[in-house]
Amino acid sequence: MKNISLLLILSLMLSVSCTAQTKKTDAKAEQTATTTAEPQKEVLKKVENVMKEVVIETSLGTITMVLFNETPLHRDNFIKLANDGFYDGVLFHRIIQNFMIQTGDPDSKKAAKGQRLGSGGPGYTIPAEFLPQYTHKRGAVAAARQGDQVNPQRASSGSQFYIVDNPAGAHFLDGQYTIFGEVTNGMDVVDKIAAQPKDQGDRPVTDIKIVSVKVVEKK
């Protein structure tokens, strides 16, 4: 019972206390004409299936991850934010060793020491994209979100995400948070971030920031 209670507490800690987000995104993507020639369709299909690789330069080292094509809403949103420089200067505002590290709150860029973070975002959420083949294993990259009580659809934060640090994973979160990527290199940096001294709110005592995010096609 003690272990179950701990897992529930950790799950609740992942819920992002986002400020009221009144802006809604249009979930309908523009439809292209269906008269495209077959050879062109094949070219487009190949382009869409190219996996995107993300290189995150942090103040403690480099983390490389891939974005899954099977979660296109989260993939495309992350790419847009990265290309717009949204993540540059954002802090890792919550770290729990042997669980996860969390970032993506734009309010953290100019946050005062000790300020509680985790409520910021781009002003919208993303519909959940749960897939059984992707689980909360070590290195999984998933979107944070508000709790079920105010977010029964389990829609994701528009920008906040976390990386699983636990060697055994965090599988009690499977099917509850959208996993949209995976770390391919730099788990030693993730571990280093997770091990830093922190305050009672799980914020690192010394700021750890994302310096830049670069998206490239993985060959």
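**Starting from one histidine**

Let's begin at His-93, which touches Gln-102, Thr-103, Asp-105, Leu-117, Gly-118, Gln-160, Asp-202, Arg-203 and Pro-204, leaving aside residues up to four places away in sequence. Here, a contact means heavy atoms within 4.5 Å. Before going on, keep in mind that this is a predicted model, where local features need pLDDT of at least 70 and side-chain atom pairs count only at pLDDT 80 or more, while totals for chains, interfaces and linings use all residues. Residues are numbered from 1 along each chain as its sequence is written, and side-chain values use heavy atoms, with hydrogens and water left out.

So where does His-93 sit? You'll find His-93 in strand E3, residues 92-96. Helices (H or I, at least four residues) and strands (E, at least two) are DSSP runs, numbered from the N terminus. His-93 is also buried, with a relative accessible area of 3%. Buried means under 20% relative accessible area, exposed means over 50%, and partly exposed is in between (1.4 Å probe, protein chains only).

Now zoom out to the sheet. Eight strands make an open sheet with antiparallel pairing, in the order E3-E4-E8-E6-E9-E2-E1-E10. Two strands pair if DSSP finds at least two bridges between them. E3, the strand that holds His-93, is an edge strand along with E10, and each of these two pairs on one side only. On average, neighbouring strands of this sheet are turned by 25 degrees against each other, direction ignored. For angles, axes are lines fitted to C-alpha atoms, for helices over the stretch in contact, and angles run from 0 to 180 degrees between N-to-C directions. For a look at one pairing, take E4 and E8: they pair in the antiparallel sense over four bridges. Thr-103 stands opposite Phe-161 in E8, and Thr-103 is also one of the residues that His-93 touches.

Next come two helices. Helix H3 (residues 72-83) lies across E1, E2, E6, E8, E9 and E10, and runs at about 125 degrees to E10. Helix H4 lies across E1, E2, E3, E4, E8 and E9, running at about 120 degrees to E2. In H4 (residues 187-194), the buried residues include Met-187, Val-189, Val-190, Ile-193 and Ala-194. They cover an arc of only 155 degrees around the axis, so they are on the same side of H4. That arc is taken from the directions from the helix axis to the C-beta atoms. And what covers these buried residues? The cover includes E1, E2, E3, E4, E8 and E9.

Last, let's look at charged pairs. The structure holds 11 salt bridges, each being a side-chain nitrogen of Lys or Arg within 4 Å of a carboxyl oxygen of Asp or Glu. One of them joins the side chains of Glu-217 and Lys-52 (3.4 Å, N to O). Glu-217 lies in E10 and Lys-52 in E1, so this pair ties together parts that are 165 residues apart in sequence. Glu-217 is partly exposed at 46%, and Lys-52 is partly exposed too, at 22%.

Asp-148 has salt bridges with Arg-145 (2.8 Å, N to O) and with Arg-154 (2.9 Å, N to O). Asp-148 is partly exposed at 32%, Arg-154 is partly exposed at 24%, but Arg-145 is buried at 2%. Elsewhere, salt bridges that share partners join Lys-113, Arg-203 and Asp-207 into one network.
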